[in-house]
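Welcome, and thanks for opening the viewer. Let's take a walk from stop to stop, with something to select at each one.

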Amino acid sequence: MEIVCIGEIFNNDVSGPTYEAIYLGNELKREYGGKLTLIIAGKDLEKYSAKLSIQGVDSIILLDHPSLELYEQVAYTKAIAGEIRAISPQIVIAPYTSQGMDLLPSIAHEIGYTLVTYCQSLKFTGNGWIATRVIYGGKLLEDVEVDDKNIAVTIRPGDFPQLKQETGSTSVLKKSPEIAQGKMRPVGIVKPALEDIDITKYDVLVSVGRGIGSKENLEMADELAKILNGALACSRPIVDMGWLPKTRQVGSSAKTVKPKVYIALGISGATNHINGMKNSNTIISVNKDPYAPIFEISHYGVVADINDLLPLLLEELKK
Ligand SMILES: Cc1cc2nc3c(=O)[nH]c(=O)nc-3n(C[C@H](O)[C@H](O)[C@H](O)COP(=O)(O)OP(=O)(O)OC[C@H]3O[C@@H](n4cnc5c(N)ncnc54)[C@H](O)[C@@H]3O)c2cc1C
């Protein structure tokens, strides 16, 4: 089976979700055999070659051109689709990022592949595919049969592990593609004025929800995070109330995190929240409601009032 993964460069680095697409590509290669090609478009890409030379990736195609520095649908579609046509893979995989969600439908249309979005699992039947997709913002899963041997799939960041084992031995082909210019032209990335920490980079997150009760109580949670060398994160109501900036929000409309330890304080476990943290290694939840849905995905649960538990916990930890 020929497998193509589309990677991406974000913030002068290979994006995390690129490694998730490579993981899925590897899983399919293990199951069905074949060859895995990674395609990336951008500018000055050679410096990323070592980071992209990942276990299981047979070849890397770097589509390098000054006009591809910032993502633009038409230019990227034409450049990448040309390579895909030449390979004629059974499957093209891209992460569902702000680039991937825009690019892959356009590529699928261009090359005439069936598009399957939000894929969580895939099986090749010989004549087509059976896939499981996430629908209704993660509330339900849907099984679909695809009567097409050639599919293009997007995967949600956080749904698969990141495969980052570098080998340094993958063949790299650098090309300068012809550029097609769309009517929309990217002119620059506007970063939010507020610079904050990146909660996706922390091994420990102490995440507060509405149950934290007051803005003053955030201090206790922050103290806990600092003692554990972690950072403070939150659910959406905390951002809506203006207690923490949006950069700290976890969930489907914010950041997807996978820390070693995620401590949820007074978070009920709404789908939109757990979509952003359910793949954390260890989830510890504190909630006064024993039936709170967060307990269903937690490894450890404490039924307690935060106002009672947090001061005691901090006292013990400080000892
Ligand atoms: C389109 C859309 C996108 C969304 N995106 C996101 C998102 O990205 N991230 C996100 O988080 N939400 C998101 N939401 C909101 C989401 O649906 C929930 O409303 C939200 O996650 C609930 O936050 P919460 O758990 O903090 O609050 P609540 O649901 O109000 O839960 C508070 C919890 O605290 C417990 N509690 C109360 N007091 C105490 C106490 N003293 N001690 C211990 N426990 C206590 C309660 O038992 C309860 O379980 C989105 C919603 C929509 C419609």
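Serine 88 sits in the loop between helix H3 (73-87) and strand E6 (91-95). Helices here are DSSP runs of H or I with at least four residues, strands are runs of E with at least two, and both are numbered from the N terminus. Look at the backbone too: serine 88 is not a glycine, yet its phi is positive, about 55°.

Before moving on, two notes on what you see. This is a predicted model, where local features need pLDDT of at least 70, side-chain atom pairs count only at pLDDT 80 or more, and totals for chains, interfaces and linings use all residues. Residues are numbered from 1 along each chain as its sequence is written.

Next, select asparagine 229, in the loop between helix H5 (218-227) and strand E14 (231-234). Asparagine 229 also has a positive phi, about 60°, without being a glycine. Is asparagine 229 buried or exposed? It is exposed, with 9 other C-beta atoms within 10 Å.

Now for the inside. Select Ile80 and Val92, the residues with the most contacts within the largest nonpolar core, which has 57 residues. Such a core is a set of buried Ala, Val, Leu, Ile, Met, Phe, Trp, Tyr and Cys residues joined through C-beta atoms within 7 Å. Leaving aside residues up to four places away in sequence, valine 92 touches Val4, Ile6, Ile84, Ile107, Tyr113 and Ala152. Then try Ala221, Leu224, Tyr262 and Met277, which are among the 32 residues of a second, separate core.

Your next stop is an open sheet of three strands, in the order E8-E9-E10 with antiparallel pairing (two strands pair if DSSP finds at least two bridges between them). Strand E8 (119-124) and strand E10 (140-146) are at the edges with a single partner strand each, so one side of each has no neighbour in the sheet. Strand E9 (residues 129-135) pairs with E10 over seven bridges; select threonine 132 to find its bridge partner in E10, aspartate 143.

Finish at the ligand, surrounded by 28 residues, the closest being Gly209, Gly211, Ser235, Gly251 and Ser268 (near means a C-beta atom, placed from the backbone, within 6 Å).

Note on methods:
A residue is buried if 20 or more other C-beta atoms lie within 10 Å of its own, exposed if 12 or fewer, and partly exposed in between; C-beta atoms are placed from the backbone. Two residues are in contact if their C-beta atoms, placed from the backbone, lie within 7 Å.
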